[in-house]
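Good morning, and thank you for making time on the agenda.

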Amino acid sequence: MVHEGEQSRRIAEAREAAKLSQRQLATRSGIAQATLSRIEQGTRAAKMNEIVILADVLGCTISELTGLSSVQERLQCVARATDDADMKTMYSELSHYLELDAYLEDQGISPQI
């Protein structure tokens with residue numbers, strides 16, 4: 001389990017790396033700025049649905065925000081872009097969805113087919 005202070009630091013660093021203010025992140029994520037402030041200060045833990053939204057808005061993976069991932073260690077990606085897509089972006093997007101899938105599976109939530 002990741003320490004909440006570590007998670008708070010990771011979220012704040014990801015926001016700063018994205019060059020967003022808390023207010024801008026609040027607008028883009030739909031999470032109240034006061035809530036984001038408490039999360040970054042470590043006085044309130046981010047809920048998983050908030051982490052998923054923040055990862056999407058900040059352009060990072062869930063594991064980058066939580067520090068929890070076994071997917072990153074196992075993921076090997078081979079692809080060829082036909083539209084000049086950036087390999088790093090494709091890897092990041094794939095990691096994000098695989099981590100979300102692993103989290104949902106850990107929570108006992110199966111995919112609906």
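**Charged pairs, core and helix packing**

E16 forms a salt bridge with R15, and the closest N and O atoms of this pair are 4.0 Å apart. By salt bridge I mean a side-chain nitrogen of Lys or Arg within 4 Å of a carboxyl oxygen of Asp or Glu. R15 is buried, its relative accessible area being 11%. Buried stands for under 20% relative accessible area, exposed for over 50%, and partly exposed for what lies in between, with a 1.4 Å probe and protein chains only.

Before I continue, a word on the basis of these values. The model is predicted, so local features need pLDDT of at least 70 and side-chain atom pairs count only at pLDDT 80 or more, while totals for chains, interfaces and linings use all residues. Residues are numbered from 1 along each chain as its sequence is written, and side-chain values use heavy atoms, with hydrogens and water left out.

How many salt bridges does the structure hold? There are six. One of them joins R10 to E6, with the closest N and O atoms 3.3 Å apart. Both residues lie in helix α1, residues 4-17, and they are four residues apart, about one turn of the helix. Helices here are DSSP runs (H or I, at least four residues), as strands are (E, at least two), numbered from the N terminus. R10 is partly exposed at 24% relative accessible area, and E6 is partly exposed at 26%.

A further pair in α1 is E13 with R9, again four residues apart, about one turn of the helix. Their closest N and O atoms are 2.7 Å apart. E13 has a relative accessibility of 41% and counts as partly exposed; R9, at 35%, is also partly exposed. Through salt bridges that share partners, E6, R9, R10 and E13 are joined into one network.

I turn now to the nonpolar core, meaning a set of buried Ala, Val, Leu, Ile, Met, Phe, Trp, Tyr and Cys residues joined through side-chain atoms within 4.5 Å. The largest such core has 18 residues, and L54, L58 and L65 have the most contacts inside it. Two or more residues each come from α1, α2 (22-29), α3 (33-41), α4 (48-58) and α5 (62-66). The largest share, six residues, is given by α4. Contact, here and below, means heavy atoms within 4.5 Å. Leaving aside neighbours within four places in sequence, L58 is in contact with I11, A14, R15, A18, L20 and L25.

How do α2 and α3 pack, and at what angle? The angle is about 120°, with the axes 9 Å apart. Axes are lines fitted to C-alpha atoms, for helices over the stretch in contact, and angles run from 0 to 180 degrees between N-to-C directions. The two helices, α2 and α3, are therefore oblique to each other. Under 35 degrees counts as roughly parallel, over 145 as roughly antiparallel, 65 to 115 as roughly perpendicular, and the rest as oblique. On the α2 side, the contact is made by Q22, R23, L25, A26 and S29, and on the α3 side by Q33, L36, S37 and E40.

Finally, consider K19, in the loop between α1 and α2. Its phi is near 55°, a positive value in a residue other than glycine. Most residues other than glycine have a negative phi. K19 is exposed, at 71% relative accessibility.
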